[in-house]
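Subject: Structure for you to look at

Dear colleague,

Here is the structure that I promised to pass on. Please open it beside this message, and my notes on what was found follow below.

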Amino acid sequence: MSLEQCDLLIAGTGPAGMTAALYGQRLGLKTIVFGDIPGGNLYMIERLANFPGFTDGIAGMELGARIFQQSQAEGARYPMERLEKLQRVNGMFHGLGGNGQIHRASAAVVATGRVPIRLPLEKANLKGVNFCSICDGPLYRNKNATLAVVGSDNTAAQHALTLAKIAARVLLIHRSAKTKMDAAHASLLSGRENIITMGETEVIGCQGLDMIESLRVRSSLRGTYEIAVDGVFLAIGWRPNTDFLDFQIDKTPAGYLKTDSNLMTSLSGLFAAGDVRDTDMWQVLTACADGARAAKSAAAHIAGISAG
Ligand SMILES: Cc1cc2nc3c(=O)[nH]c(=O)nc-3n(C[C@H](O)[C@H](O)[C@H](O)COP(=O)(O)OP(=O)(O)OC[C@H]3O[C@@H](n4cnc5c(N)ncnc54)[C@H](O)[C@@H]3O)c2cc1C
């Protein structure tokens, strides 16, 4: 196994990780960024309307490509592989990718985001149960489709709005009486006639052979019944991506990484940025801001180490 030395090792090629790379390089740190196709969850955002400076919004995919190119132009290296393991060895971080090489760094940033949770039901893995409306929504174009979105937050609203342009009708199904989305999303939804909101309704079963064909739901008003659907899009919760961390570290009960005000985790020299950390805003702008701060804190940490 060969060993390669860098200053800052970043896990995650979403907006948090790529911004950390941009700032890391500009602060003079030799930076390497592990992850698959650059962009992370930006690719799920059809039109990002709340990122300052883009008055008409910007496609998530385009913003992802721009941050990638900008950080690469500053010299950040992207081997285009995920990190299999991050270890702590003699005060240094060792990152193991898929090709057997060990990348050693004085500081590391975890910016690996989070993945959507599946329905805890039998047959919840049938074909047609999806998580990304931009990626999988077009499969239902011109099919007079009925699509269900399960969830009630801004992500669920975004899925419903994207799918309403493709499907005949979109059923927005959520357990609670009230939705968790903000007023801007609620107002966009109310303007779409083919989005039907079904509150106080719980999905209790999935039916189908290979493809999803119907959902069994329990509603406070109508009792238990079945709805025929052509596809389902889930937005019911998240699980932070931290399985590759090969050491003990403080987390919230939901698995998010705890950090101090410099975004350092409970392990000295390890920082967390974006959706993977304990925050109350899971947004592109805050992920970028986290990435910048984590890189700055990492540079200070490394300088401290060197000085010592
Ligand atoms: C449908 C949808 C709509 C949204 N709409 C908006 C919106 O309108 N406005 C807004 O501000 N935000 C929106 N968001 C939220 C926004 O996308 C996230 O807050 C943001 O992408 C978080 O950035 P991140 O870099 O922390 O994580 P992510 O974007 O999730 O990127 C993390 C990356 O790390 C990778 N990774 C995971 N494990 C490893 C590993 N072991 N090694 C290397 N890489 C790994 C992942 O594959 C991923 O590429 C939306 C999200 C969704 C799903």
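Predicted model: local features only at pLDDT ≥ 70, side-chain atom pairs only at ≥ 80, totals over all residues.

The domain bounds used here come from an automatic or database domain assignment. Residues are numbered from 1 along each chain as its sequence is written.

The ligand has 34 residues around it, of which Gly12, Gly14, Gly40, Gly113 and Gly274 come nearest (a residue is near if its C-beta atom, placed from the backbone, lies within 6 Å of the molecule). Both domain 1 and domain 2 contribute at least three residues to this shell, and at least two come from each of α1 (15-26), α4 and α6 (284-307); helices are DSSP runs (H or I, at least four residues), numbered from the N terminus. By class, the shell has 15 nonpolar, 16 polar and 3 charged residues, where Ala, Val, Leu, Ile, Met, Phe, Trp, Tyr, Cys and Pro count as nonpolar, Asp, Glu, Lys and Arg as charged, and the others, Gly among them, as polar.

Turning to helix packing, the axes of α1 and helix α2 (residues 60-73) come within 8 Å and cross at roughly 25°, with axes fitted to C-alpha atoms over the stretch in contact and angles running from 0 to 180 degrees between N-to-C directions. That makes α1 roughly parallel to α2, a term kept for angles under 35 degrees. Pro15, Met18, Thr19, Ala21, Leu22 and Gln25 of α1 make the contact with Ile67, Phe68, Gln70 and Ser71 of α2, contact meaning C-beta atoms, placed from the backbone, within 7 Å. These contact residues divide into 6 nonpolar, 4 polar and no charged.

Helix α4 (residues 154-164) packs against helix α5 (residues 183-190) at about 25°, with their axes 10 Å apart, and α4 is therefore roughly parallel to α5. Here Asn154, Ala157, Ala160 and Leu161 in α4 meet His185, Leu188 and Leu189 in α5, a contact of 5 nonpolar, 2 polar and no charged residues.

Note on methods: Parallel < 35°, antiparallel > 145°, perpendicular 65-115°, else oblique. Contact = placed C-beta atoms within 7 Å.
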